Amino acid sequence: MDVLRPPLIRIGGRVYRKNLIQEQAFPHEEEEEDFYAGPGDCADEPGDAFVVEETERGFQCRVEVPSPLYKYIIGKKGETKKRLETETRTSISIPKPGVEGDIVITGQQRSGVVSARTRIDVLLDSFRRKQPFTHFLSFALNHPHIQESFLHFKEQVLEKCSKDHGVSSSLFQNPEKLHLTLGTLVLLNEQEIQKACDLLQRCKEDFVDQITGGHPLTVEVAGVEYMNDDPAMTDVLYAKVHMKDGSDRLQMIADQLVERFVASGLMLKEWDRVKLHATVMNTLFRKDPTEERNNTMTGKSSFKERESFDGRNILKLFENFYFGEVQLDSVRLSQRFSSDASGYYATSGQLCFS
């Protein structure tokens, strides 16, 4: 890491510097990360982003933390928790593993409690980014006639392009799970899922109803495109989606939803605009048929290697393939690695247009 250009993290409108601390290594243990606020010391934070209560014995602050993240505050052999308590002169109470509840910070000095809370927030933000996503906002495209067209597309591709390098039936999306992904989320307990559902409903009231007029959006799924720079080494092939009336209403809804979810802290910002696409072929499916990958735009994979396929003939022959017209009537909070009665992803919540 360049000490003059350390990584920066934004939390609650503030910017923090992340420092990697090399400590004495124990067998089979990884480096621990420690975080300090910058510029200045985190004890100088005003603490207006959260509530610090005054008690008979000093000050107290509660942090709502999903239980899967407790271990990151505790650290190996309790080292992280001990260091936080020592350096901020506070006591940090953490619920038992698997028990949902608040982490409680107490101390005699308000500045110490604020410092501990700030550092915990930075720790949690960093480790949350490392969690695999659990949910995603989606538009379902698995209408029967779209599925039928997709299966025809698959049949034609395998008939005409199966001799091209890497092309096989294992690359194709499950037709029951055809969808548009707007953004991915890491929701680690029921409270966070409910928070996402509540935010969806506020978005409906704040801007979605005005954009849709309370009616479904008619879109066309037509044409195919690839993600990377070289069509001879394609990892993701997707179908393009656009409004039938030529308007940008679908794009507006997608962008504003993502903006709201990013502002709430439930979603990470990756792009200035949502890329409206429906994955039809993905090399991840070749590695693991159960891997229903939604965040294909990042290019990240849970596997170290992906065997690309030669998509040049597919793009040439099926550049304008017409999958069909469909009416989108809701945005769903979909659960990864799940299925409902229709074969689509299980829905944890949804925003209905009408």
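**Reading a sheet and its cores**

Student: This model is predicted. In E14, which residue is the bridge partner of leucine 137?

Tutor: Leucine 333 is the bridge partner of leucine 137. That pair belongs to two strands, E8 (residues 135-140) and E14 (residues 330-335). They pair in the antiparallel sense, over four bridges.

Student: What is the order of the strands in the open sheet?

Tutor: Read across the sheet: E9-E8-E14-E15. The pairing is antiparallel.

Student: Which are the edge strands?

Tutor: An edge strand here pairs on one side only. Strand E9 (179-185) is one, and strand E15 (347-352) is the other. Neighbouring strands of the sheet are turned by 25° against each other on average, with direction ignored.

Student: Which strands does helix H5 touch?

Tutor: Helix H5 (residues 190-212) packs on the sheet and touches E8, E14 and E15. Its direction makes about 10° with that of E15. Helix H6 (residues 249-264) also packs on the sheet, touching E8, E9, E14 and E15. The direction of H6 makes about 15° with that of E9.

Student: How many residues does the largest nonpolar core have?

Tutor: It has 58 residues. Phe153, Leu182, Leu250 and Ile314 have the most contacts inside it. H5 gives the largest share, nine residues.

Student: What is phenylalanine 153 in contact with, leaving aside its neighbours within four places in sequence?

Tutor: Its contacts are Phe172, Val224, Leu237, Val280, Ile314, Phe318, Phe321 and Phe323.

Technical notes: Residues numbered from 1 in each chain as written. Predicted model: local features only at pLDDT ≥ 70, side-chain atom pairs only at ≥ 80, totals over all residues. Heavy atoms only, no water. Pairing = 2+ DSSP bridges. Axes fitted to C-alpha atoms, helices over the stretch in contact; angles between N-to-C directions. Contact = heavy atoms within 4.5 Å. Core = buried A, V, L, I, M, F, W, Y, C linked by side-chain atoms within 4.5 Å. Buried < 20%, exposed > 50% of the residue type's maximum accessible area, 1.4 Å probe, protein only.
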